[in-house]
Amino acid sequence: MKIAFLTFLLLISSAAFPQSPSPATTQEVGQLFVALKQSKCEFFRNGSWYDAQKASEHLQRKYDYLLKKGLVTSTETFIELAATKSSISGKPYQVRCGKAPAQSSQSWFASKLKALRGNGRR
């Protein structure tokens with residue numbers, strides 16, 4: 001009975017106090033924000049194109065919300081939950097850089113993450 005009660009308390013406390021992402025995840029997500037801001041790419045969401053700065057601001061708000069909820073457990077979950085599609089419409093985000101065709105934001109962020117990790121950062 002004591003073990004069941006202690007398990008119950010542990011579950012409640014973990015739900016009440018959302019976990020923070022690891023320092024490595026926090027660093028990688030920060031680097032993805034920098035990459036986006038410096039990209040000069042355009043970001044398509046809910047029917048409109050936005051510059052990289054506006055896109056970064058939007059994704060930062062989503063990221064902050066997810067952090068408060070304890071839902072960012074890895075850089076991949078940040079990409080999946082914040083940077084892939086609209087939480088409201090469910091429509092996928094797109095990224096267009098220069099004259100290159102638009103691609104899914106999920107692909108764009110995944111490729112940036114792969115490049116970051118390929119440079120010895122994790």
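This is a predicted model: local features need pLDDT of at least 70, side-chain atom pairs count only at pLDDT 80 or more; totals for chains, interfaces and linings use all residues.
Local features need pLDDT of at least 70 and side-chain atom pairs pLDDT 80 or more, whereas totals for chains, interfaces and linings use all residues. Residues are numbered from 1 along each chain as its sequence is written, and side-chain values use heavy atoms, with hydrogens and water left out.

Of the 122 residues, 30% count as buried, that is, under 20% relative accessible area with a 1.4 Å probe, protein chains only.

Next, show the aromatic side chains, among which the whole structure holds seven pairs (ring centres of Phe, Tyr or Trp, the last by its six-membered ring, within 6.5 Å; planes under 30 degrees apart are stacked, over 60 edge-to-face, the rest tilted). Select F43 and Y93, a tilted pair at 5.0 Å centre to centre with 55° between the planes; F43 belongs to strand β1 and Y93 to the loop between α4 and β3, 50 residues apart, and both are buried.

Then move to F78 and F109, whose ring centres are 6.3 Å apart with planes at 85°, so the pair is edge-to-face. F78 lies in helix α4 and F109 in helix α5, so the pair ties together parts 31 residues apart in sequence.

Terms used: Buried means under 20% relative accessible area, exposed over 50%, partly exposed in between (1.4 Å probe, protein chains only). Helices (H or I, at least four residues) and strands (E, at least two) are DSSP runs, numbered from the N terminus.
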